[in-house]
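Reader: I would like to go through some packing features of a model. Please give the general idea each time, then the case at hand.

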Amino acid sequence: HIPHDISLSKAIQSGMRTFEHLKGYYSDQTLELTTEDYVALTRGAEVWNCPTLYTYRIGLRGEDVRSLLTTEEGEYLSDDDRGDWLAAADGGGGEIERRIYNQSRKILADLLPIKPKLLAGTDSGGGYPMMVPGFALHEELRLLHEAGVSNVDCLRAATISAAQAMRKTADFGEIKPGLRADLLLVQGDPRSDLSTLDRIQGVGFRGVWLGREELKTIRSRLRELFHDDQGIPKDELPTVQRMDELVSSIVDLDRRGAIQMDHNLRELRSLLVRRERPVDAIDEILA
């Protein structure tokens with residue numbers, strides 16, 4: 001984020017390269033657009049904007065929220081998250097997020113003619129309501145396309161542009177010998193239809209290949225783990241073996257430097273307590 005008291009021009013001149021949520025293009029305090037010529041400032045600069053249009057979801061209320069709970073996304077919510085969503089649905093507010101969304105759409109429309117450098121991000125790892133990691137990125141790409149970004153540029157924002165912004169093109173971002181083998185195999189051509197990204201046939205992560213059937217098994221296990229409603233009898237919770245396997249996987253990912261989301265770890269910890277399983281490994285990661 002651009003700090004509150006730093007102008008967009010100052011941030012760019014100082015070498016700031018990535019801008020989250022288009023903050024700085026509008027004031028994070030007043031939500032008003034900057035009076036600077038942000039199109040001229042952005043043109044030709046090494047500036048990567050991550051619009052996170054998906055954050056509009058935080059402002060959803062009423063039936064919009066309740067209908068989300070009936071979709072496939074709703075199967076990957078813990079009981080605590082489901083309760084938070086319903087509480088938000090029946091509460092007030094949401095105006096700020098709706099205003100930010102409208103401002104972001106305007107800024108993006110103004111920038112598109114100069115072909116801005118864009119990144120695909122969602123903020124879904126922050127524990128905010130109405131967001132579901134995984135599904136979130138697909139929705140962000142759809143929203144970017146709806147805002148006028150071409151299919152190819154949407155795909156770039158989630159692949160090569162991310163590597164360029166991080167100055168890591170020698171490591172990842174393209175399908176190329178010697179680069180990290182992160183791959184997504186889909187049925188169809190996403191360059192002509194982004195919805196093909198939902199038809200995943202396999203995923204490669206650092207060279208480890210997960211086929212369609214393996215992905216189905218993983219998703220099934222995740223659904224079990226998220227169904228941790230306090231009303232479910234203990235003997236109907238995920239098996240001890242599956243929970244221990246998950247803990248082992250998380251510990252391994254942590255050793256390999258993967259970022260762990262605290263709210264997810266806390267939810268897992270509560271499940272382990274209910275299953276009377278050790279929580280030391282999770283506590284160590286949380287610490």
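Author: A nonpolar core is a set of buried Ala, Val, Leu, Ile, Met, Phe, Trp, Tyr and Cys residues joined through side-chain atoms within 4.5 Å; buried means under 20% relative accessible area, exposed over 50%, partly exposed in between (1.4 Å probe, protein chains only). Here the largest nonpolar core has 19 residues, of which Leu-53, Leu-108, Leu-144, Cys-154 and Leu-197 touch the most other members. At least two residues of this core come from each of helix H5 (95-111), helix H6 (135-146) and helix H7 (151-157). H6 gives the largest share, four residues. Helices are DSSP runs (H or I, at least four residues), numbered from the N terminus. This is a predicted model: local features need pLDDT of at least 70, side-chain atom pairs count only at pLDDT 80 or more, and totals for chains, interfaces and linings use all residues. Residues are numbered from 1 along each chain as its sequence is written, and side-chain values use heavy atoms, with hydrogens and water left out.

Reader: Which residues is Cys-154 in contact with, leaving aside neighbours within four places in sequence?

Author: Contact means heavy atoms within 4.5 Å. Cys-154 is in contact with Leu-141, Leu-144, His-145, Val-149 and Leu-194, its neighbours within four places in sequence left aside. Another core, of 17 residues, lies apart from the largest one and includes Phe-19, Tyr-26, Val-39 and Ile-114.

Reader: Is Thr-42 buried or exposed?

Author: Thr-42 counts as buried because its relative accessibility is 5%. Thr-42 belongs to helix H2 (residues 38-42) and touches Tyr-25, Val-47, Leu-111 and Ile-114, not counting residues up to four places away in sequence.
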